[in-house]
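Let's take a friendly walk through a protein model, one part at a time. Keep the sequence and the 3D view side by side as you read.

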Amino acid sequence: MDWGWDRGGEYLNAAELVVGELAANAVTHGRVPGRDFLLTMALVLPPEGGSGTLRITVADSRGERLPMPVPAPCPDGEHGRGLVLVGALALRWGVLPRFPAGKTVWAELPGPPR
Ligand SMILES: Nc1ncnc2c1ncn2[C@@H]1O[C@H](COP(=O)(O)OP(=O)(O)OP(=O)(O)O)[C@@H](O)[C@H]1O
Ligand SMILES: [Mg+2]
């Protein structure tokens, strides 16, 4: 990443994890045959200075199924932890409808101090 974020540092690690979980969900749960998903990342820097916010969006074409965080994933289960991880790392996250079909899952993460 060309934003001066330390490779291997906590901020970039968190961003990689959230991108990975949301992208994995798009291909596992949000896939429509013949359609791709769209990943965007934008660093929003407040004009008055201070830390920026990284906004990650992953759009997929499946509008009738939505992310449903599993409140208490089974300790022995292999799934149901992705959105728990996203919720723990992100400042906030959510879902928006996408025109003409599908949805956009978004998450905002704190950036490193400037
Ligand atoms: N992009 C998506 N489209 C449709 N449903 C989704 C999407 N993302 C998540 N979900 C739903 O929310 C549930 C919880 O997602 P989460 O990522 O927490 O767990 P998982 O994908 O089932 O397992 P894991 O991420 O731990 O491998 C999923 O099982 C799925 O039903
Ligand atoms: Mg998942």
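Predicted model: local features only at pLDDT ≥ 70, side-chain atom pairs only at ≥ 80, totals over all residues.

## A lysine and its surroundings

Setting aside neighbours within four places in sequence, Lys103 is in contact with Gly30, Val58, Ala59, Asp60, Arg62, Arg65, Leu66, Pro67, Val95, Leu96, Pro97 and Arg98.

Is Lys103 buried or exposed? Its relative accessible area is 4%, and the cut-off for buried is under 20%, so Lys103 counts as buried. What does its side chain reach at 2.6 Å? The answer is the backbone oxygen of Arg62. A polar atom of the Lys103 side chain also lies 3.0 Å from the backbone oxygen of Arg65.

## The sheet

Now widen the view to the sheet. Strands of a sheet pair through backbone hydrogen bonds, and the pairing can be parallel or antiparallel. Here, 4 strands make an open sheet with antiparallel pairing, and their order is S1-S2-S4-S3. At the edges you will find strand S1 (38-44) and strand S3 (92-97), each of which pairs on one side only. From one strand to the next, the twist averages 20°.

How many bridges join strand S2 to strand S4? There are 8, linking residues 53-60 of S2 with residues 103-110 of S4, and the two strands run antiparallel. For one pair to look up in the 3D view, take Ile56, whose bridge partner in S4 is Ala107.

## Around the ligand

Finally, turn to ligand 1. It is surrounded by 15 residues, and the closest are His29, His79, Gly80, Arg81 and Leu83.

Which polar contacts can you trace here? The side chain of Asn25 has an N or O atom 2.9 Å from an oxygen atom of ligand 1. In His79, a polar side-chain atom lies 2.9 Å from a ligand 1 oxygen atom. On its own, ligand 1 has 600 Å² of accessible area, and the protein covers 84% of that.

Methods:
Residues numbered from 1 in each chain as written. Chains lettered and ligands numbered in written order. Heavy atoms only, no water. Pairing = 2+ DSSP bridges. Axes fitted to C-alpha atoms, helices over the stretch in contact; angles between N-to-C directions. Near = heavy atom within 4 Å. Polar contact = N/O pair within 3.5 Å; in protein donor to acceptor, adjacent residues only side chain to side chain. Areas by Shrake-Rupley, 256 points an atom, 1.4 Å probe, with all protein chains shown as cover. Buried < 20%, exposed > 50% of the residue type's maximum accessible area, 1.4 Å probe, protein only. Contact = heavy atoms within 4.5 Å.
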